[in-house]
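Subject: Structure handover

Hello,

Please find the structure below. My notes on it follow.

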There are 2 protein chains.
Amino acid sequence: MLKDWSNVIIPEEEEINERLEKARNKLVQQQILIMQKKLPVLVSFDGWGAAGKGSILGKIIKNIDPRFFKVAVMDKPTEDEKRRPFLYRYVINIPEAGKFTFMDGGCLDEVTKQKLSGKITDEEYKRKIESVKRFERQLSDNGYLVIKFFFHIGEQEQRKRLTRLLDDKNTRWRVSEYDLWQNQHYKKSLKAFDQFIDDTSQSIAPWYIVDATDKKWVQLQILETLVQAIDTALKNSTLSVPLLQNAFPLNKMEKLSDINLNKSLSDEEYEYMLKNYQKKLNNLHNIIYKKKIPVIIAYEGWDAAGKGGNIRRITEALDPRGYEVQPIASPEPHEKARHYLWRFWNRLPKSGHVTVFDRTWYGRVMVERLEGFCSENDWQRAYVEINEFEKELSDWGAVIVKFWVQIDKDTQLARFKERENTPEKRWKITDEDWRNREKWDLYENAVNEMFAKTNTTYAPWHILESNDKKYARIKALKILIDAIEEKIKETD
Amino acid sequence: MLKDWSNVIIPEEEEINERLEKARNKLVQQQILIMQKKLPVLVSFDGWGAAGKGSILGKIIKNIDPRFFKVAVMDKPTEDEKRRPFLYRYVINIPEAGKFTFMDGGCLDEVTKQKLSGKITDEEYKRKIESVKRFERQLSDNGYLVIKFFFHIGEQEQRKRLTRLLDDKNTRWRVSEYDLWQNQHYKKSLKAFDQFIDDTSQSIAPWYIVDATDKKWVQLQILETLVQAIDTALKNSTLSVPLLQNAFPLNKMEKLSDINLNKSLSDEEYEYMLKNYQKKLNNLHNIIYKKKIPVIIAYEGWDAAGKGGNIRRITEALDPRGYEVQPIASPEPHEKARHYLWRFWNRLPKSGHVTVFDRTWYGRVMVERLEGFCSENDWQRAYVEINEFEKELSDWGAVIVKFWVQIDKDTQLARFKERENTPEKRWKITDEDWRNREKWDLYENAVNEMFAKTNTTYAPWHILESNDKKYARIKALKILIDAIEEKIKETD
């Protein structure tokens, strides 16, 4: 696309000024609609070094009320970002509903640079392309407008600009070694950019190449494209989205009703095994810390199934500096205003750390589904979105363990009653728990569907039979230990 | 996607029957909505030989009123189809608004077969993937629902079925050599299918893999997916579509107002050159016939610019068995009910033949734009759609020559008056011509925009200065001859 791209004729200055005026006014008007219709807009600027992305960005945002946009400078990943999944820093910066995010530098820059420097294999490159495409598709499916600009200048023009910047001691710092390398390897770089643009062009998140030789002209191209895209997106604000088939390997999964809950341990067995396993887990925590393996433990299950106590038996074994428990309640307003997975991206561990999620992103296909907190199209789409999310985590190298803590209905009733009758436990039981209990069968169906659609080989579900809490705790420890040991073996 | 795909558990027969009943009823209800909302639905069935596509298709269509669907059996291309562009037979079979087309065998079958047999290079394979993706995206952009099913069975199952078919002399004919080859090279075939599915998966035209081991079960999977996709599509019937940037190489183009119209030929020059060029063209017609080069000549221009006479000077030189003139008026109802390029696909020459279009697909960005016959989103999108269309023709090997026959406003007025005053020419002039003349400036703008956006290197525009018709005719002949000679050289 880029290689064949030919400049259109630059209009006369008078025409540019007129059209700029028109596009600016349009953008000003659109802001109100964007806010009213809660449209999130993600705009990324990529392109050649010294193509003027920064200064143009400054001009574009002048037309937007500062309360409605954020600029994310996507320089090299920071040390902290390097310890996160590749997509992390992009996801974190997505706009909330009704607002803009302008990314100065998008995935193109990061990925092509790695490719050009030979830091990633073809296989890894391909995987990143898939990640980028999924990320953008998920945003679009969830109502985001995604637009990507590539600032294009010729080899000569780039050299001229770099020389000018280098000649002035006040601007010299703005020229990076990579900029110079690019210019010396212009053709090679062009080919890599072109490939990336081809690989990631989707009609739901299209690339627009802008001729960046003239400052006013590039501004006009961007503004006109932007207002046109916003126009289209505003018209489509009530869009339903095709449901994609899961493309990841699944394992078969037992139905809840087939689970044998008559499993238990004696107190002696329990104490003995607990001590041993916790010691083992503690050792492993050191190893994953050194090997920088991230561990993600996800807990779902019935109310009063014993999640809390189960989690405690795991965290007791861990160094407090290396883990976090994330209790997941209903989303806050600023979380609700973004893609529903955003708040989980925000809670991911760094590499070498452990995060335990007490309830998870699976809320989308359970409580949000059954209580109507999202549309049917939303939760139906979520199975694939979740598999994609966990695939990112798995590709990043994470150990992912998902627990379903299972009890039967009678056991729940007994525990509810016990809670009500025990003053120090009474806070644990609410009207909502009773209401949820009434929907037991609906939940059971939803859970079975969830198992069938998200029990991927790389992020499998595990049932913890928790009529006997001791049994469930030991089983959880054992599964976690096995999973970590396996990952350690892989990386040896 | 296919390689990693794992069967879900087949539900109990009772559950299947219940869900089948439900899905069937839904589909029956949806037909009315599909008709009312004028939704066109394209469903393609691909898969392993002996996976049972045909018999399942028979069962699916039983639920649909015969007036509302068509089955297109996409066997091997016929001799006639082989002389058309690759996409031709698929485009021809797209449904009209409010109806279904079921394709028994889609692009997957044709392209993977060519790939497996080594009949196409990697480069050609890649180009076909692009073609398929563009085709499907264009359909989706124009409001089509596109769904693709892959019928999956295992190696053993396929072998069992093929053996059973071969054993019975009444069914033996149904087993092709390719089916047997597939089974002997199951893994290799699987890889090719998987690759194709990955390459052509887009959220606007998704693949669904169906487990085809059990007849009722496969039927259920298809019906449930189908009704769900229809549901989504019906909700999105008023969709606007993002405008994509042109990705094809463009040449700069003069504006109409800059064209020097003071070019003329004397009668002697004209007669001499006409004779020579026509003779030359006549010779070339033989060569392109033998070399099977298709030639497409597109005429656009002002009313009374002299298109008719110009075309005649070309066709006079051609063997009547090898060319057709296609006068393009407003579309018929059955044409209007399909993608606007459909009627042009239907009028393409066979390889080795010449088609002259007297007015063309550019109507979309001229008359349809200015008279409001399509939405703004429609005509804005059309520039890229047209470039893609012509790219298909060019990849097919066609010579494409696009003429704009140019006169000035005074010349038009003089010719209009002359027509009115000449009894045998009076039919040529209508009220509409006068009305169009009043919109001269609007048209001129539209034409300039059209030039700027569709003057691709592989299908360039040529201006015929036609204040002097003789000059324009000779120029047309010369351009056509040059273009054909160049193509002949390429193929030598």
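Two strands are called paired if DSSP finds at least two bridges between them. Strands (E, at least two residues) and helices (H or I, at least four) are DSSP runs, numbered from the N terminus. This is a predicted model, in which local features need pLDDT of at least 70 and side-chain atom pairs count only at pLDDT 80 or more, while totals for chains, interfaces and linings use all residues. Residues are numbered from 1 along each chain as its sequence is written, chains are lettered from A and ligands numbered from 1 in the order in which they are written, and side-chain values use heavy atoms, with hydrogens and water left out.

First sheet of chain B

Five strands form an open sheet in the order β2-β3-β1-β4-β5 (chain B), with parallel pairing. Because β2 (69-73) and β5 (207-211) of chain B each have a single partner strand, one side of each has no neighbour in the sheet. On average, neighbouring strands here are turned by 20 degrees against each other, direction ignored; axes are lines fitted to C-alpha atoms, for helices over the stretch in contact, and angles run from 0 to 180 degrees between N-to-C directions. β2(B) runs parallel to β3 (residues 100-104) of chain B, and five bridges join the two. In β3(B), M103(B) stands opposite A72(B). Helix α2 (residues 53-61) of chain B packs on this sheet, and its direction makes about 165 degrees with that of β3(B). The strands that α2(B) touches (contact means heavy atoms within 4.5 Å) are β1 (41-47), β2, β3 and β4 (145-152) of chain B.

Five bridges join β7(B) to the parallel strand β8 (residues 354-358) of chain B, where V354(B) is the bridge partner of Y323(B).

Interface with chain A

Chain B gives 33 residues to the contact and chain A gives 34. About 3000 Å² is buried between them, 52% of it from carbon and sulfur atoms; buried area is the accessible area (1.4 Å probe) that two parts lose on being put together, summed over both. β5, α10 (215-235) and α16 of chain B each supply at least two residues of the side that touches chain A.

Regards
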